[in-house]
Amino acid sequence: MVENERELRDALKQSISPVNTELARDLWPAVLRRLDATPVRVPWYDWALAGLSVAALLFFPRLVFVLAYHL
Amino acid sequence: MELLRRFALGEIEAFEVLVRQFQGDIYAWTVRIVRDPGVAEDLTVETLWRIYRARHHFRPDGNFGAWARRIATNLAIDHVRCRRPEQSLVTEPAGAAQPDYLQQRDTRDSIRDAFHRLPVKLRVVATLALVEERQYNEIADALGISVGAVKVRVFRAIRSLRKWLTQAGLNPQ
């Protein structure tokens, strides 16, 4: 069984191209670009809060003074 | 430990140090699975990006290398699963084709075809265990399965390969 497996292993190694496992360049610049390209995701509850605030201001415009005071 | 804690808090300088330290290992592992240097570089960048995105889930007392390798393995397996059957990357020698050489080439093609018929789960384990000769426990860690499960997959891959090669008229003992 071990001998059989060894023969199959050798046959596979001859048939499948070897690969060079050495990294040819520094990937940090590419990682930075990937990080920069990531869009900022706003969670759904932030959108909900913003929507509620706008709705409250539409129905009760005087709340803008309270909001301005707290900001 | 301090470096990993700073990374988990999102400090980009700490992440840069980790990238420089581990990018070679992640690339080497990925290229062993996907067997294409260009694709392996892209997947390494993707892995590192995912690592940074998932930094909140990383415990600073954990093993960063093992965690990174598992993410890389999952990405590489997804890639192997999605890509079309690959063309041979073997360079054939120039000159007149000799009968022996043609026969050898046919044999290699048959073995390669049989190998690519394996289900992805078996093929990845067979690539790492039989072609790259990695340790079973190393493969098990990267795949998030037990050593026993790795042995079972290797056994099933060998059994399938032997069956198909016998059907193709090649008789691996």
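1. Two residues are in contact if their C-beta atoms, placed from the backbone, lie within 7 Å. In chain B, residues 24 or more positions apart account for 67% of the contacts with a separation of 6 or more.

2. Residues are numbered from 1 along each chain as its sequence is written, while chains are lettered from A and ligands numbered from 1 in the order in which they are written. The model is predicted: local features need pLDDT of at least 70 and side-chain atom pairs count only at pLDDT 80 or more, whereas totals for chains, interfaces and linings use all residues.

3. The confidence of the prediction is given as pLDDT, which runs from 0 to 100 for each residue. Chain A has an average pLDDT of 85, and 92% of its residues score at least 70.

4. Chain B contains 8 helices and 0 strands. Helices (H or I, at least four residues) and strands (E, at least two) are DSSP runs, numbered from the N terminus. Of the 173 residues of chain B, 28% count as buried. A residue is buried if 20 or more other C-beta atoms lie within 10 Å of its own, exposed if 12 or fewer, and partly exposed in between, with C-beta atoms placed from the backbone.

5. Helix H3 of chain B (residues 37-53) has 17 residues and reaches 24 Å from its first C-alpha to its last, close to the 24 Å expected at 1.5 Å a residue. That expected span is 1.5 Å times one less than the number of residues. The buried residues of H3(B) include B:Ala40, B:Leu43, B:Thr47 and B:Ile51. An α-helix has 3.6 residues a turn, so residues three or four places apart point the same way. The buried residues of H3(B) pack against H2 of chain A, as well as against helix H2 (12-34) and helix H4 (64-82) of chain B.

6. The axes of H2(B) and H4(B) come within 9 Å and cross at roughly 35 degrees. Such axes are lines fitted to C-alpha atoms, for helices over the stretch in contact, and angles run from 0 to 180 degrees between N-to-C directions. The residues of this contact divide into 11 nonpolar, 4 polar and 2 charged. Here Ala, Val, Leu, Ile, Met, Phe, Trp, Tyr, Cys and Pro count as nonpolar, Asp, Glu, Lys and Arg as charged, and the others, Gly among them, as polar.

7. The contact between the chains takes 30 residues from chain B and 22 residues from chain A. On the side of chain B that touches chain A, H2(B) supplies the largest share, 9 residues. The residues of this side comprise 18 nonpolar, 4 polar and 8 charged.

8. B:Arg35, in the loop between H2 and H3 of chain B, has a positive phi of about 60 degrees although it is not a glycine. B:Arg35 is buried, because 20 other C-beta atoms lie within 10 Å. B:Glu133, in the loop between H6 and helix H7 (136-143) of chain B, has a positive phi near 55 degrees and is likewise not a glycine. B:Glu133 counts as exposed, because it has 9 C-beta neighbours inside 10 Å.

9. B:Leu161 lies in helix H8 of chain B and counts as buried, because it has 22 C-beta neighbours inside 10 Å. Leaving aside its neighbours within four places in sequence, B:Leu161 is in contact with A:Leu8, B:Ala114 and B:Phe115.
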